[in-house]
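Trainee: I have a structure open and would like to learn how to read it. Can we go through it feature by feature?

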Protein chains: 2
Amino acid sequence: MSKKKQFVEEITSMDQDFAKWYTDVVKKADLVDYGPVRGSMIIRPYGYAIWENIRDVLDKKIKDTGHENVYMPLFIPESLLQKEKDHIEGFAPEVAWVTHGGSEELAERLCVRPTSEVLFCEHYKDIIHSYRDLPKLYNQWSNVVRWEKTTRPFLRSLEFLWQEGHTCHATKTEAEEETYKMLEVYASVCEDYLAIPVLKGKKTEKEKFAGADFTLTIESMMHDGKALQSGTSHYLGTGFAEAFGIQYTDQDGELKHVHQTSWGFTTRLIGAIIMVHGDDRGLVVPPKVAPTQVMIVPIAQHKEGVLDKAYELKEQLSNQFRVGIDASDKMPGWKFNEYEMKGIPLRIEIGPKDIEKNQAVLVRRDTGEKVFVDLNDLESEITSTLEDIQQELFQKALNNRETKTSVAINMGEFEDALTRDGGGFVKAMWCGKLECEEKIKEETGATSRCIPFEEDKLADNCVSCNEQAKHLVYWGKAY
Amino acid sequence: MSKKKQFVEEITSMDQDFAKWYTDVVKKADLVDYGPVRGSMIIRPYGYAIWENIRDVLDKKIKDTGHENVYMPLFIPESLLQKEKDHIEGFAPEVAWVTHGGSEELAERLCVRPTSEVLFCEHYKDIIHSYRDLPKLYNQWSNVVRWEKTTRPFLRSLEFLWQEGHTCHATKTEAEEETYKMLEVYASVCEDYLAIPVLKGKKTEKEKFAGADFTLTIESMMHDGKALQSGTSHYLGTGFAEAFGIQYTDQDGELKHVHQTSWGFTTRLIGAIIMVHGDDRGLVVPPKVAPTQVMIVPIAQHKEGVLDKAYELKEQLSNQFRVGIDASDKMPGWKFNEYEMKGIPLRIEIGPKDIEKNQAVLVRRDTGEKVFVDLNDLESEITSTLEDIQQELFQKALNNRETKTSVAINMGEFEDALTRDGGGFVKAMWCGKLECEEKIKEETGATSRCIPFEEDKLADNCVSCNEQAKHLVYWGKAY
C-alpha cells in the first residue's frame with residue numbers, strides 16, 4: 001500500500017490537473033525528454049519503440065495499398081515554397097529559415113520542410129509525362145519542423161516525426177477515392193492497433209489544409225473530453241499541379257493536369273495513446289503496439305530455482321510475445337510501480353510458492369485484475385488476456401467518447417454541454433457560413449472538428465444564427 | 001543485339017569516364033534525382049528500397065548487440081556545438097545555420113545537425129548518475145546535413161541518411177571494446193550482405209574524427225581503384241564527457257567521467273554497391289539486399305496460357321523470394337535492358353515453348369549466364385544461384401582489390417603503383433609524422449586510408465622521409 005502511495009504522490013492526478021498529469025506521465029514513463037531548443041523533444045528508447053511499432057504497422061498498410069517509399073530533401077528554396085499561394089500563406093508563419101551554409105550567406109533562404117507538397121510536386125513535374133506514368137503513389141517517413149509558439153511533447157512540438165503520402169492521379173474520382181482510402185487506413189491503425197475509436201469526417205473550409213480542395217480527418221477524444229486531430233487526408237485537386245506544371249498526355253492525346261492527394265500521420269498519436277488510455281498510475285499501452293507486452297517479475301528471487309524458472313518462462317514465452325524480465329536487485333514493489341507507470345499490459349509474478357504449485361500470477365495493467373494460472377495454460381491465457389485488454393481499452397475509450405458527446409439545438413445547450421464533464425464533443429447543426437463558425441469559436445472556445453461521413457439531421461436550423469442548416473458538425477475544444 | 005547497343009549508347013562506359021558512368025547509372029537505374037537545392041538528392045523508390053533493406057539488416061544487428069533506438073532533435077544551439085573545441089573546429093565550416101523562426105530572428109543561431117554527439121552528450125549528462133546507469137547504448141536513424149562544396153549523389157551530398165550510435169561506458173576498456181565491436185558489425189554488413197570486402201584499420205591522427213581519441217574505419221575499393229570510407233567507429237575517450245559534465249558515481253563512491261563511443265553508417269553505401277558491382281550495362285545489386293531478387297518476363301505473352309503461368313510462378317516463388325513480374329505491353333528486349341540496368345540479380349523468361357517443356361529460362365545479371373531449368377527444380381535452382389551470385393560478387397570485388405593493391409618501398413614505387421591501373425591501394429611504411437602524411441598527399445593525391453589491424457612490416461623505413469617506420473599504412477585516392 002505504501003508503495004502505491006509513493007507513486008500517487010509522484011504524478012499529478014488526472015482529475016486535479018490533466019495537463020500536468022500528461023507531462024508527468026511523458027517524463028516518468030521515460031517517453032520523452034526536452035531538447036536544448038525550446039519546444040524540441042528527445043524521443044527516448046521507450047517512446048521510440050512505441051513509434052517503431054506504430055510505424056511498422058502503418059508502413060505495411062501503406063505498401064499493401066500499392067505505395068512506394070521515397071526520401072525528399074529537408075530544405076525547400078523560398079521561391080519554391082511560394083509557388084502555391086494558399087499553401088505558403090498557411091505555412092509561412094511557422095517555418096524555420098536557413099540563411100547560412102558554413103560561413104557563407106545564401107543567395108536564397110531555405111525553409112526547413114514543414115511538409116513536403118512542393119518538393120513532391122517539383123519532382124512529379126519531372127517524372128510524369130504520360131497516362132502510363134499514373135498513378136504515382138509515393139510516401140515518405142521523415143522529420144518536419146513547425147515553429148510553434150506553444151509546445152507540448154508529441155502533441156505540438158518544434159519538430160516531429162511522421163509519414164506523408166503524396167499521390168498523383170489521372171482523374172478526380174480516382175484521387176478522391178485515394179483520399180478516402182488512406183483515411184480508412186489511418187482509422188484502422190487507430191482503432192485496430194491503438195485501440196482509439198475515431199470519428200471520420202470532412203473538415204470545414206476554415207479548418208482544411210492550406211492548398212487543399214478538401215481535407216478528411218479522423219478525430220479522437222482524449223480522456224478529458226478534448227479532441228485530438230489524429231490523421232488527415234487531403235484531396236488537393238489540380239491547384240498544385242497547375243502551379244507546378246504537372247501535366248500528362250492522356251490516352252486521347254490531350255495534355256491534362258494531374259489530381260493530387262496528400263496525407264499524414266505523426267508521433268502525436270503517442271500523445272493520443274497517453275491521453276486516451278492512461279490513468280493515475282501512468283501510461284497504459286495497447287498490447288498490439290506495446291514494446292513489451294509481458295513483464296516477468298521474479299518474487300523472492302534469491303531463493304533457489306526462482307530465477308532459473310523466471311528465465312525459463314521468458315525463453316518459452318518469447319516465441320509468441322514481446323517479453324521482458326526484471327531480475328535486478330530492486331524490490332518487487334518498485335518494479336510493479338515502474339512497469340505500471342510504463343503501461344506494460346501484463347505482469348507475471350513468479351515466486352517459490354508458485355513454482356511449487358506449477359503456477360504464476362498474471363496481473364493486468366488496465367484493470368489491476370490478478371489471476372493464478374497453471375503454467376501449462378500460460379500461453380493461451382496470455383493470448384486471450386492480451387486480446388481482452390486490447391478490446392476493452394477500445395470499448396472503454398468508446399464509452400468515454402459516447403458519454404461525453406452531446407447534442408445541442410441552440411447555443412444555450414451548446415455551452416451547457418461544453419461545461420458539463422469539462423468538455424467533449426457537441427453535435428450541432430451549422431449553416432455552412434464562416435462567420436457562424438468563427439462566432440462559435442469565439443463564444444465557446446470550441447472549433448469544428450468535422451462534418452461526419454454519417455450525417456444525422458438534428459434540427460432544421462443552424463445552432464448559432466438559426467438560419468437554414470447545411471451540415472451536422474462535431475464541435476469540441478482541441479489539442 | 002540492337003537493343004543491347006541502345007543501352008551501351010545510353011550510358012557512358014566505365015573505362016571511358018568512370019565518374020560519368022556513375023552518375024548515368026544513378027539516374028538511369030532510377031536510384032536518385034536531384035533536389036531543388038544544389039547538392040541535395042531525392043532518393044527514389046528503387047534507391048530507397050535498397051536503403052530499407054540495408055537499414056533492416058543493420059538495425060537488427062544494432063539491437064541484437066543490446067542497443068536501443070532513440071530520436072534526438074534536428075537543431076543544435078550554437079553554444080552547445082561549441083562546447084567541445086576539436087569537434088566544432090572540424091564541423092563549423094560545413095554546417096547550415098537557422099537564423100529565423102517564422103518572421104522572428106532567433107536570439108541564438110541553430111545549427112542543423114551534421115552529427116549528434118553534442119545532443120547525446122547534453123542528454124546523457126541529465127540521465128546518467130550512477131554506475132547502475134551504465135552502459136548506455138543508444139542509436140538513432142536520421143538525416144544529417146553537411147554543407148559540402150562538391151557533391152555527388154550518395155557519396156557526398158548536402159543531406160544524407162544514416163544511423164549514428166552513441167554510447168557511454170564506465171571504463172576505457174569497455175568503450176574500446178564497443179568501438180571495435182561496432183566496426184565488426186559494419187564489416188559484417190558490408191561483406192556478408194553488400195558483398196563488399198573491407199579493410200579494417202585505424203585512422204591516423206590527421207584523418208580521425210573531430211573530437212575522437214581514435215577512429216576505426218572500414219575501407220572498401222571501388223571498381224576504378226579508388227577507396228571509399230565505408231563506416232567509422234570512434235572511441236571518444238572522456239573529452240566530451242569532460243566538456244559536458246557527464247559523470248557517474250562509481251561503486252567505490254567516486255565521481256568519474258564516462259568513456260564514450262560513436263559510430264555511423266550511411267546511404268553512401270548505396271554508392272559503394274554501384275561502384276563495386278556495377279558494369280557497363282548498369283547496376284548489379286547483391287541478392288541479399290536486392291528489392292527484387294527475381295524478375296519474371298513473360299515471352300509472347302499474348303499467347304494462351306503464358307500470362308497465367310507467369311503469374312502462377314510469381315505466386316509460387318513469392319513465398320521464398322522477392323519476386324517481380326513485368327506483364328506490360330513493352331517488348332521483352334526493352335524489359336531485359338531495364339532490369340539489367342536496375343541490377344536485378346536473376347531474370348526468369350517463360351514462353352509457350354518453355355511451358356510445353358515444363359521449363360523456364362534463368363538468366364544471371366552478373367555473368368549473363370543462361371540456363372534452362374525444369375519447373376520442378378526452379379526453387380532450389382534459384383536458391384543456389386542467388387547464393388552463388390552473392391559469393392561470386394564478393395570474390396570478384398576481392399580480386400579487384402587484390403589486383404589493385406601494391407607494395408611500395410620508396411616514393412618511386414609509390415607513384416608507379418598509383419598510375420598503374422589508375423589507382424588502387426598502396427601499402428607502404430610510415431614514420432608516424434604528420435609532415436610525411438601531408439607530403440605524400442601533396443605529391444601523389446593519395447591519403448592514408450588506415451593502419452590495418454593486421455600489420456606487416458614491409459620495410460624498416462618510412463616510404464617518404466626514410467626515417468624509422470612506425471606503421472604499415474594503406475594509402476589511396478578516395479571518394
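Trainee: How much area do chain B and chain A bury between them?

Mentor: Buried area is the accessible area (1.4 Å probe) that two parts lose on being put together, summed over both. Here chain B and chain A bury about 4200 Å². Of that, 61% is on carbon and sulfur atoms. A word on the ground rules: this is a predicted model, where local features need pLDDT of at least 70, side-chain atom pairs count only at pLDDT 80 or more, and totals for chains, interfaces and linings use all residues. Residues are numbered from 1 along each chain as its sequence is written, chains are lettered from A and ligands numbered from 1 in the order in which they are written, and side-chain values use heavy atoms, with hydrogens and water left out.

Trainee: How many residues does the contact take from each chain?

Mentor: Contact means heavy atoms within 4.5 Å. Chain B gives 53 residues and chain A gives 53 residues.

Trainee: How many salt bridges does the rule find across the interface?

Mentor: Start with the idea. Side chains of opposite charge can pair when their charged atoms come close. The rule asks for a side-chain nitrogen of Lys or Arg within 4 Å of a carboxyl oxygen of Asp or Glu. Across the interface of chain B and chain A it finds 6. One of them joins A:Lys63 and B:Glu52, at 3.2 Å from N to O.

Trainee: In which sense do β5 of chain A and β5(B) pair?

Mentor: Two strands pair if DSSP finds at least two bridges between them. These two pair in the antiparallel sense, over 5 bridges. A:Ala96, for one, has B:Gly101 as its bridge partner.

Trainee: What does the salt bridge between A:Lys83 and A:Glu122 tie together?

Mentor: Their closest N and O atoms are 3.9 Å apart. A:Lys83 lies in the loop between α4 (78-81) and α5 (85-91) of chain A, and A:Glu122 in helix α6 (residues 117-127), so the pair ties together parts 39 residues apart in sequence. Over all chains, the search finds 78 salt bridges.

Trainee: Where is there a cis peptide bond in chain A?

Mentor: Look between A:Leu134 and A:Pro135, where omega is about -5°. A:Pro135 sits in the loop between α6 and β7 (136-145). In chain B, the bond from B:Leu134 to B:Pro135 is cis, with omega near -10°.

Conventions. Helix = DSSP H or I, 4+ residues; strand = E, 2+ residues; numbered from the N terminus.
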